[in-house]
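Hi everyone, thanks for coming.

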Amino acid sequence: MRDDISPTPHQSGSRPASMRGEDERARELIAFRVTVDQPEGHSLISVDDAEPRAVEHDGSDRGEREHGSMQATEIEGRDEIEGQDEIEGREPINIQAIDGLVQIDEFAACPPPMPIEPPPICKAGGAEEQPQAIEESAPARTDNSPIVQSLTLIASMVVMLLIARFSVPRIVEEVRYSWHRGELRAEYETGGEGLKNVSLDSLSRAYEMVTSVVAPSVVHIDVKRKPTATDEQMQKLLGGEFFGMSDQGSGVVVDEDGHVLTNRHVIAGGESISLTLSDGRRLPARVVGTDALTDLAVLKVEADRLMPIRWGDSDKLRVGSPVWAVGSPFGLDRTITFGILSGKHRWVRAGEQHGASGRYQDFMQSDVAVNPGNSGGPLVDAKGTLVGINTAIVGDTYQGVSFSIPSNLSKQIYESIRDTGRVQRGYLGVSLQEVPDELLTTENTRVRGAIINGIAGPGSPGGVAGLMTGDMVRRVDGVEIQDVGHLMRIVGAAGSGTPIQLDVQRGDEELQLTVNLGNRPFELDH
C-alpha cells in the first residue's frame, strides 16, 4: 500500500492536513505496515523486512564493516525519503519516532518474566496462609537465633551438670573398688610366686640377723616408786624396813646422745630410774618429758659407745609382714618373740588405763607374744628397723593379741620432747562428734568424717576461720577423714601455727576453709 494522499486546502474548523497525515501514519506504524515511496535507483530497508543478523567472528573485521555499511544505508535511505517528501509537497516522515515505537512494541511483545511466588502455608484448620515477604521474616529469625542458641547451651550445661552430680560419685567408687580388687589380685599372684622361692634356711638366718641388729639397742628399766600411805601402814604392822616398790619395763636407745624411748606408764610415779644397757652397764636416767595422750616418755642417760636403733617407716609396713618384739618380760631381759602384723589403726581401752587418750590412739595390732615387762620395748621389721613401741595387751597376760604405737608417731613425739621438753600439738578450737550412718555421703563406712558440735569461741582458730556448729569436716589438706580420732591426730601432728585447708560440708554446700592452727593448751593433755 502506498501513500498517495495529496494535500487539500484548509477548511474552517477542521484540523490541518499535516496533522491528519501524522495520525494515519501513526496508525499504520502501530499495525507494523509502514510503506514509503521508493525513488528510482535507491533501495530502502523496510522495517518489517529488517531482521537482526548474527555477527560471526572469523578473525577479521568483517562483521564491523557490515554493521557500518548497514548504518550508512539506513541514514542514506532516511535522507532520500525526507527529500522525496519535500518534492511531493508531503510532510516528511519522522524516522526516529518510528524507531521508538517499534522498540516499544517489541518490548511489549516480550514481557518480563513474572516473579515466582512462594508456596502457600497451611494453617492448622486447613486454610492457606500466604507467607510473609522474605525481607520481613529474615530480621525476625536473625533476632531470635542467638537467644535460641543461648537457651540450648544453658539447657545442655544443666543436663551435663545433673548427670555429673549423680553419676560421677558412683563411677569414682567403682573405679576405686576395681583398683582395690586389682591390687588384691596382683598381691595374690605375686605372693604365690614368691612363696615358691622361700627357703626355710634363709628365713632362719634372717631371724638371727634381726636379733643381732636389734638386741644392742634394747635396755632394761628398773623403777623405784615412793610407797603409798597404805603400803607404809602395812609395813609398820609387819615390822622391818620398807625399801619401797620396784617396777620393771623396757626401752630402746634412739640416738647416740643417750635418749631412750619408752612408755610413760613404765616410769610414772618413780622416785629413781636406772637403765641396764646391753653391755651390762647399769646407769641412772632422768626424765626429759612425757606425753600422756600417747603414753610415751623420753629418758636421758649419760653414756658413750651407745648403739642406737634405726628408724623404720610404720606407714609402709603392710598387714601380714613379719615383726619381732624385744624386751624384758617378767624381768627376763633381751627376750625376742616373733609374729606378724595383724592390723593397723586400732583403738583399745587397754591404753586408757594408763592415761592415754583414745582419740589419739593409733595402735598397730600383732600376734607377737608381749607380756608385762615388754612395755616400752621395740617392735621391728625384717630389716631390723624400729616400726613400733610395744604398749598394751588385752588382759593381764598375753592372750594372742598385742598393740604397739607406730614408729612415725613415736618419732614425732620424741623429737618434740627432745627439743622443747613437751609436745606442742596443733589446736583447732572446736569440739567434735562422730558422723551417724544416716548422714554418710559415701558407701565407704570407714571414711565417715567428723561433725563440729561446738566452737571454743570466736577468737579460736576455728572460729576465726569461719567454722560453724553442724559443719562436717570431710578432708584435711586433701586427706579423707576417717573419724574424730583421725582428725585430731592430723591436727595435732600439724603443729602450732601451721595453716591447713579443710573441706567442709555445710548442708548442701561444699566449702573450703583455711585455718591457722593454734597451740593446744597444756592442761587439756592431763
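I'll begin with the whole chain and then go through some individual residues.

A quick word on the ground rules. This is a predicted model, so local features need pLDDT of at least 70 and side-chain atom pairs count only at pLDDT 80 or more, while totals for chains, interfaces and linings use all residues. Residues are numbered from 1 along each chain as its sequence is written, and side-chain values use heavy atoms, with hydrogens and water left out.

Let's start with the overview. The protein has 10 helices and 22 strands; these are DSSP runs numbered from the N terminus, with helices being H or I of at least four residues and strands being E of at least two. Of its 526 residues, 33% count as buried. For burial, I use relative accessible area with a 1.4 Å probe and protein chains only: under 20% is buried, over 50% is exposed, and partly exposed is in between. The protein exposes about 32,900 Å², and carbon and sulfur atoms supply 55% of that. Those areas come from the Shrake-Rupley method with a 1.4 Å probe, and for residues only the protein chains shown count as cover.

Now contacts, which means heavy atoms within 4.5 Å. Among the contacts with a separation of 6 or more, 62% are between residues 24 or more positions apart.

On to the charged pairs. The structure holds 13 salt bridges, a salt bridge being a side-chain nitrogen of Lys or Arg within 4 Å of a carboxyl oxygen of Asp or Glu. Here is one to find on the screen: Asp291, in strand β7, residues 282–291. Which residue does Asp291 form a salt bridge with? The partner is Arg425, and the closest N and O atoms are 2.6 Å apart. Arg425 sits in the loop between α8 (407–420) and β15 (426–427), 134 residues from Asp291, and the pair links distant parts of the chain. Are these two buried or exposed? Asp291 counts as buried because its relative accessible area is 2%, and Arg425 is buried as well, at 4%. Their side chains also make a polar contact at 2.6 Å. By polar contact I mean a pair of N or O atoms within 3.5 Å; within protein, one must be able to donate a hydrogen and the other to accept it, and residues adjacent in sequence count only if both atoms are side-chain atoms. Leaving aside neighbours within four places in sequence, Asp291 also touches other residues, including Arg264, Leu296 and Ile413.

Next, Arg506 and Asp471 form a salt bridge, with the closest N and O atoms 2.8 Å apart. Arg506 lies in strand β20 (residues 499–506) and Asp471 in the loop between α9 (461–465) and β18 (472–476), so this pair ties together parts that are 35 residues apart in sequence. Arg506 is partly exposed, at 26% relative accessible area, whereas Asp471 counts as buried at 1%.

There is also a network of salt bridges that links Asp279, Arg281, Asp304 and Arg305. Within it, Arg281 and Asp304 have their closest N and O atoms 3.2 Å apart. Asp304 is partly exposed, at 41% relative accessibility.

Asp381 is in the loop between β12 (378–380) and β13 (386–393). Asp381 is buried yet has no salt bridge, and the nearest side chain of opposite charge, Lys383, is 6.1 Å away. For charge, Lys and Arg count as positive and Asp and Glu as negative, while His and the chain ends are not counted. What does the side chain of Asp381 make a polar contact with? The side chain of Thr385, at 2.8 Å. Not counting residues up to four places away in sequence, Asp381 touches Val210, Leu317, Pro322, Trp324 and Val387.

Let's follow Leu317 from that list. Leu317 is in the loop between β8 (296–301) and β9 (322–327), and it counts as buried at 8% relative accessibility. Leu317 and Asp381 are 64 residues apart along the chain, with their C-alpha atoms separated by 8.2 Å.

Finally, the surface. Ile154, Val158, Leu162 and Phe166 form a nonpolar patch with about 420 Å² of accessible area together. Patches are made of residues with over 30% relative accessible area and no salt bridge, with like charges joined within 9 Å and nonpolar side chains (Val, Leu, Ile, Met, Phe, Trp, Tyr) within 5 Å. Val158 is found in helix α4, residues 134–196, and counts as partly exposed at 43% relative accessibility.
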